[in-house]
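Student: I am new to this structure and would like to go through its aromatic residues with you. Could we begin once it is in view?

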Amino acid sequence: MTTTIEQHLDHARRAFGSGDFPSTLQHLGDALAIDPVDTPALQAAYYVLPLIPNAVGMTQIQSNTPPKMVAIHAMALGVSHDWNRAMDLLFRLGAQNPTVPYLRWAESWVHGHVSSLLLDFSVVGGAIVDFGDAFEEDIDSSDSTWETLRAGTAVLAKLAETFVDNKSLRAIHVKLLRRGKRYDEALSVAAALRAHDPRLSALLSAWTYRDLRRVPEAIAAFRHANSIEIDDDIVLDIAKLQFDDAQFEASAATYQEIPQENQEAMAWAYPSNIAARYMATREPQLDQELASLAGRGNSRAKYLHALIHAYAEQLPLPRDLTAGVVRDLQAAFTNKPGQGTAAEPLKVGLTITSLESPSVHLAATMAARLGESFVKMNVTCEKEPKPNPRLPLLVALGAPNDVIYDQWAVWRYEGTDPMPAVPPPPANVLHAIGSLAATPYDWAAWLAATARLAPSFSGQLPSLLGAMVHPPSPPDRDRDVIEWIYHCQLVTALLIARLDGGWERTQRRAGLLSLVHNPIDWIASAALPAIGIVFAECPEARTEILQLFGALRRRVPDIGYCVYTTALEAVWSRLPGIDEASRREAFRRFVYATNKPFL
């Protein structure tokens, strides 16, 4: 049974009355851990702490001190006006445990105690930097860490007003505004610095414009900063921004501005220049040169080669937030098998912003099976994305029905619980898929192997669709289930693409279209590279495929993670015969989705 704030406070009062101060502090910590800004709990803490002899010493931190007692120690320091150590601890708690907004206390202090602003940055500076580094993705007010971000941003705003010459404070303040999507405020802070520090003002503006994808303004601001003081890192920022925006010719020229004697910058600029020239010209020797650099260990070349050849020579895995939970479950079941029973499976409750891929549930079940365990994932979604990812493609876009889905449904939903809509396939189908998926990923080899295997499965499209949601077991229990299932789904999609030739009234058209007309799932992401192959070899399919790609782009939900977006745009950017403007637009969308998968 969960103890309430009121019950913790009652225990604290009783302990205080009997002179049991350690228990008093423990119960106060428990109450404030539930809600750090609960009014009765705060009133009790601010009343009791000054009355406890040596409250600071009594709450001294050890290596195993839980966060709630670290917070009570920070509050005791604040009550004694030891602001440096109190702020240091609260910023560290904010970085390490951002779902509990203890920084609301610091926000109150800087608005109520002028002395709390007179900090020694040799004490608190590291914690503030760590706090800024803890927020690497943009969030909004629905996120569980929002209040910590908002409070920390407010504290930094007050500190930046006090220490006007502290550039690091300004930069972190603007970064946090950007992470909270408060872009207008970030630009206002940057503009206010223009007379005092024009270079920092330009950089802060550039970073904010970059987040807003206002590329021309970002580049202009970066150029202005570099005209005040030359910095090769700024040149690299400009060139990368141009590359990501598919301005390949401009990017190649900008990378050439890096002086060759700057070896560290050249390790980035040289392969980037090659990649930009390849994307501008598609000259095979440039691609070969980039691959050679990647093979010799250049990390930037590796990244660019993987980016350019995503969903072909390189295969990115699904990045659902819940995939990480499944990996944790797999590790737990491996270390301690035999958890749960068929009648009473281990229940895993998750609250996420929006619905994710049904195949995550397949992966959780497989992870449990490999660990001789049973699990049931109960997923609660805070918001309903639009269009609804549970609906078939055309219905999600407003049509009354979806004929392809009606004929070839693979997934169906009961509420927010996904259910396979097709039966498991025969053992021979699973064996063929599993045997190929067990080999190391090799795009060319898998294409050749599926072309050889596919004729033996002619007429078995329902079985292949069944394999998408009833995949074979991996050859060993240590195999990552996310990778395994996705590899099996890609192999199956490639087999479907080779069931026959042509397009109209073919098995492969029915099968591939069904995978992208179903509710949003990994199966759509797996189907898209196979559809790209059909586009390349079958001109009669191209008009319908381009229309399909446009529909898939329109059905990307307004929030959350859409697993097929990166595959869609990567494949689209490589389709033969499309106009250059469309190719570059697809590349821009692909890079953006790769960098910010959760919108």
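Student: Is Phe131 buried or exposed?

Tutor: This is a predicted model, in which local features need pLDDT of at least 70 and side-chain atom pairs count only at pLDDT 80 or more, while totals for chains, interfaces and linings use all residues. Residues are numbered from 1 along each chain as its sequence is written, and side-chain values use heavy atoms, leaving out hydrogens and water. Buried means under 20% relative accessible area, exposed over 50%, and partly exposed in between, with a 1.4 Å probe and protein chains only. Since Phe131 has a relative accessibility of 0%, the residue counts as buried.

Student: How many aromatic pairs are there?

Tutor: Rings of Phe, Tyr and Trp (its six-membered ring) pair if their centres lie within 6.5 Å, and planes under 30 degrees apart count as stacked, over 60 as edge-to-face and the rest as tilted. By this rule the aromatic pairs come to 13.

Student: Why is the pair of Phe91 and Phe131 classed as it is?

Tutor: The two ring centres of Phe91 and Phe131 are 5.4 Å apart. Their planes stand at 75°, so the pair is edge-to-face.

Student: Over the ring of which residue does the charged end of Arg213 sit?

Tutor: A charge sits over a ring if NZ of Lys or CZ of Arg is within 6 Å of the ring centre and within 35 degrees of the ring normal. For Arg213, the charged end is 3.7 Å from the centre of the ring in question, which belongs to Tyr592.

Student: And which ring lies under the charged end of Arg553?

Tutor: The distance from the charged end of Arg553 to the ring centre is 3.9 Å. The ring is that of Trp572.
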